[in-house]
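Q: Could we go through this assembly together? I would like to begin with how two of the chains meet.
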Amino acid sequence: MNYVLKRTGRAVFTVWAVITLTFGLIRLLPGGPMQALRGYLMQQNPSITTSELQARIEALTAISPDEPIWVQYGNYLWGLLHGDLGQSVWLNKPVSTVLAERAPWTLFIMTTGLFLMFVIGIGLGAFMAYREGSNFDVATTGIGILLQSVPFYVVGLVLIAFVGYQWELLPTGGHYASSVTPGLNLPFVFSSIKHATLPVGSLVLTGFGGWALNMRGNSIRILGEDYLRVARLRGLSEGRIALRYVGRNALLPMYTLLLISIGYMFGGSVILEEIFAYPGLGRKLIQSIGRRDFPVMMGAFLLITIAVVIGVFIADLTYGLIDPRASGGAERESY
Amino acid sequence: MPDGNTDATEMNWMTRRRLLGAGGAAAVGMLAGCGGGDTTTQEDSGPTETEGEGADTGDETETTEQGDPIDPTLSFAQWPNPNSSNYNPYNTKNFPKPRRFMFDRFMYFNLTSGEYEGYAISDWEWDGNSISLTVRDGLTWQTGQSVTADDLLAQLELDMYTGGTLKNYLNGDIQESVQKIDDTTVELQLSDVNTSIAMGLLQPKHIYTPYTLDGASYEGFGRFVERYHDATTEDERSAVTNELTSKWTITPDDEPIGAGPFQFEDADSQRTLLTKYEDHPDADQFNFPEVEYRYSPSNQKRWQMLQNGVTDGYDTLFMPENQLQKLPDNVEVGTIPRHYGMGLIPNWENKHLGKRKVRQAFAYAINRQLVARNSGGGTGTKVGVNVPSGITSQLAGDVKEWLGDDYSTFEKYSHDLEKAAQLMEEAGYSKSDGTWRDSDGNKISMDLKVTSSFSDWVSADQTIVAQLQNFGIDANLLTESSSTYWGKSYVNSDFDMASQSWTDYGRRYPFFHQSWMLNSNDATSYWNVPETVMVPPYGQPDAEPQEVNPLPKLQKLSSASGDQAQQLVKELAWTINQSLPAIPMMEKQAQTFLTTDDWNVPAKDSDKLQTYWPNEWLPRRGDWTAKLE
Amino acid sequence: MLNVSRTDVDSEYAFEVTAEETLSRRDRIRHRVDQFLLAPARILWTDWRARIGLVIIGLFLFLSLIGPSLVERPEPLGPLLAPPWPWGTLEYPLGTTYLGQSILSQLVHGAPNMLKMILSGALFTVIVATVIGTTAGYKGGTVDGVLMTISDIAMTIPGLPLVIILAASLPIAGNPYLIGILLSINAWAGLARSLRSQVLTLRESEYVEASRIMDISLTRILGIDIIPNLMPYIAMNFVQQARWVIFNSVALYFLGVLPYSSTNWGVMMNSAYQKAGAVTSLEAFHWLAVPMFAVVLVALGLTLLAQSADRLFNPRVRARHAETVTGENGPEDEEESEPTTSVGAVS
């Protein structure tokens, strides 16, 4: 219990440290929302002249001198404690609303992707282990290594180019078609899945190889364990051995990895969502950095950090419970 | 302000400009003459232009035909997410394109004939230095309430309070200079200003701002006008500006109220839908019930939407040759001069670029035609500047017209490395190991900064840097994000060379661009152009340079007309040509897109396209109608 | 490579290292070079994966170090969007860009920047991780506590978003070395943690104990007794981090969120995508495909090296039946294990 308390304390401390760090970093960013606006307006062929545009921006930048940074920081923390993430500068909405619109979509594609690559990876890995040394094993190992070397966005771009544009099989961006109404209805669900196929597909295609190789390694190791020989001698069926012994023991180390990955996937959403114009958290984060929409930036960053912290936290806490061989938390704290 | 695109009409407008030169009164007469609203035909415009003719041709007959439109919805694209769009013009964040159909512009401007025609302002009249503007009869807010002089006053005043340039030409403070005459007329008292400049500033405005608005869930803009009037200190005015510029006129509960031919219906994450407002005076021109703007935040997406027939047109969008080839046959692409183009901005406080000869050497070392070719992605829509002079519309022959017989004495800076080398040597540099070095033997190293979000500028700059490197300058391109570039590097003069337009965008009268290059806030504060520049006497490029202060000439030009104006333009052009406050690189021809499958539109080379925002004007003038089943 | 159980490897090295004490300094250095550089290289070469990997990386090094002096700078003078050979001419074997630059030339002149980013990022990671990990592990106590808390926080900050914000706020002006370091700004944390655990094991070993008794200074103990034993593991992480840097630098350049001053492969992809819409246009697709292929090839070389290094130097895999997870290391260390590479590519 002491370990749990300590671990919780550390998680909270981490979140606080990240808030403070990002708060400071963001204030270092050159240019504020108005300067971002200047570039944005110039890009859109405004109907006013360049000099007029510049004059207006000047007029806007001159107003509202900022409060000292520590006051802003205090206010921000105080707001956070009350669940108030502030108001977006660019959108007429509270940050919490903006994030609540986006987070589910990120969660959707990222967890689907992770789940699929995990399932495919362990299935394939276990099978490879059983066929160790066979042509199948060698070939899949080769493919696994190859796929691991392909960044997911490269696969994403190729998928967009061919599946999306050349063959026009699947949509290349967005989260659902404009013709459907969001809610629990089939067309909406179907449309969402269709739109998620390419982003999820590019994650899974490049990601499952790593999981498979890892699973293969674990399984092979366990297949050589003494107690399996004992089990075989005891006449237990192969199926039972595969499931109860090999599967379980090989899976254990991968469980933590899975939990930790969930958090990291959120960070990676930045690239994936940009490429597929997928309106999730990562895309919002990049957009708000470009627009210098500080409150949204902070909020998105915070949310992603919390996802990672929670992932690691759960992994830490449950590890000992799931793997009885692992020594308890207390011992891990021995340093 | 006259404008044009072809040589024939160019001559037409030039002759007229000379006529105007006879005296300011003539200008007043002419401008008042074309203020007759949308039914006026212009006496001196050619027989092929203006909507008088458009109304007689097929379009009109087709609208009276029976049947439903094949495509009831005219589709365009918009940048911001429709869900989070905003229609307060002073809060420029997410102020999306549907505004172009929800609100009307003050006037129509025909680029070919150079004529102004009334629109939301149906009549105007000059009286000495004041102009009275009259709101179009029958124009109403979409709540049914008439558009009045109060609304117009709010529009004019708020524009100026938030930084609009027109206030520089007022005769007195804003409140005094803008006066309501009667229910539909507002008088603007200006200082001695050339009417071309005043009209150039007035024409593109819209009527966006109801003074008060009954039946809408948000208040009108009148209270801001009153608060500005009441404000006595700069801080108070800032506070009003702050509130005005952060106000939103769209929330999930309230809809923006326009005064144009289409009204806001609804918006979701994919598109904004507008439906026809039957009480608009021009409602008859539209034989289709809906206009929609689809959300498309990237150029790639906009290209693809046109290629797939998702959108029916686009007003100005850059599309490179390899993408143009993918357009279906029913898409027409017209080009419109934008009076806009990138220039290479030297930082005048840079120890090398502060020298006139070095800037000139750079101008010689860079092949501007190649820069334009590469920036235009093979489309030829970027035109390399022949003679740096601050005068735009090179294709239309404006530069030659303005400079007249003196054209040949102006420096062309045609690509010439020897000439460039000679200038460098004269400036005290020498070349060794293939690089230019100063007298201390140090390499001339400089960064050219650009924002990565303007990809055509990046292309141009890559070409510039490559050529400077070939010439022996240790030049580097530094690409920064939009906010970093505009927010830090540019405004803090934190650059050796920067990328910025050398023109003032969307205006034809040279004054705008010359003033921009010599005396704007950008020029003096960011490019560090000094108050006086060293320039040889007019027409004698080899004579000893003298100190010249361009400001008095600019001030004179702002009110001059006729021969006097032309002489001033020439002299300022000479100053620019010889001192190169910015090195003009190219001029942009905007690509404009129309589709013919479901729509009756003019041919792509028609003069009807020659207006700044053809997609907004053609339907209003009955030149863009739906084909019927 | 899940956490390496150090037991067998320790005893092995322990023996060698103690024996070394009697050798002269020069011999010792030679011995070390042989032991930690040549011997591994010889072992590596026996593995086909390593051979392919080394050939690829060798090619890449050649491209970045020698290439730019052989191939002319990309000049925007050629025909626009010329197709690659055999559809086009041999003058532009990989075709040209929309500015008329030779794509081959861009690829070659972009390579040094890639190498700089990769090297600086990977070096930064292993150096910081080694210093922090070994110090924490060896010193223990408060130092250890503080250092590990810092690495825990660093590990938890979402890497890529942090990089984007830092890149925008710091005046790095597109310097590839700094970008490489920036991209690895929190990557050292995971490695530092697992190195610390391994040091904890090593610390108890007899020869380190001996050094301590002989009053040899901390840096010497770390440098002579401890770090060399961790070298294979560190080298492997170097390769992993190199791949991480190449993946993510290209990604962020492709998205256009990093500043740059001269071309690199990510910038090439960005230009192809932004300017010519290369994903929708077959005429321009080669402009996008060439840098993509180069990235994949270099990453493949690195993956193969890491794989075979793991296979050859990781005693667990060698012995194959060894226990994997030692409780002491704690689950965080799992990050260094295999699938992280796939996860790492994302995060």
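Q: How many residues of chain B are in contact with chain A?
A: In this predicted model, 42 residues of chain B are in contact with 35 residues of chain A. Two residues are in contact if their C-beta atoms, placed from the backbone, lie within 7 Å.

Q: Which elements of chain B give two or more residues to that side?
A: They are α10 (234-246), α18 (482-490), α19 (510-519) and α20 (521-526) of chain B. With seven residues, α18(B) gives the most. Helices are DSSP runs of H or I with at least four residues, strands are runs of E with at least two, and both are numbered from the N terminus.

Q: And how do the residues on that side of chain B divide into nonpolar, polar and charged?
A: Nine are nonpolar, 26 are polar and seven are charged. Ala, Val, Leu, Ile, Met, Phe, Trp, Tyr, Cys and Pro count as nonpolar, Asp, Glu, Lys and Arg as charged, and the others, Gly among them, as polar.

Q: What should I know about the numbering and the confidence limits?
A: Residues are numbered from 1 along each chain as its sequence is written, while chains are lettered from A and ligands numbered from 1 in the order in which they are written. The model is predicted, so local features need pLDDT of at least 70 and side-chain atom pairs count only at pLDDT 80 or more, whereas totals for chains, interfaces and linings use all residues.

Q: What percentage of chain B is buried?
A: Of its 629 residues, 59% count as buried. A residue is buried if 20 or more other C-beta atoms lie within 10 Å of its own, exposed if 12 or fewer, and partly exposed in between, with C-beta atoms placed from the backbone. The secondary structure of chain B comes to 23 helices and 25 strands.

Q: Which residues of α16 in chain B are buried?
A: In α16(B), residues 417-426, the buried ones are B:A420, B:L423 and B:M424. They lie on the same side of the helix because they cover an arc of only 100 degrees around the axis; the arc is that of the directions from the helix axis to the C-beta atoms.

Q: What do they pack against?
A: The buried residues of α16(B) pack against α13 (356-365), β16 (435-437) and α17 (455-471) of chain B. After the helix comes B:G428, which has a positive phi, near 95 degrees.

Q: Changing topic, how do β8 and β9 of chain B pair?
A: Strands β8 (residues 262-267) and β9 (residues 271-276) of chain B pair in the antiparallel sense over five bridges; two strands pair if DSSP finds at least two bridges between them. B:D266 has B:L273 in β9(B) as its bridge partner. The two strands form a hairpin, with three residues between them.

Q: What about the open sheet of four strands: what is its order?
A: The order is β4-β5-β7-β6 in chain B, with antiparallel pairing. Its edge strands, β4 (121-127) and β6 (178-180) of chain B, each pair on one side only.

Q: Where does B:V178 stand?
A: B:V178 is opposite B:L188 in β7(B). Three bridges join β6(B) and β7 (residues 185-189) of chain B in the antiparallel sense.

Q: Finally, is A:R221 buried or exposed?
A: A:R221 is buried, because 22 other C-beta atoms lie within 10 Å. The residue is in helix α8 (residues 186-223) of chain A.
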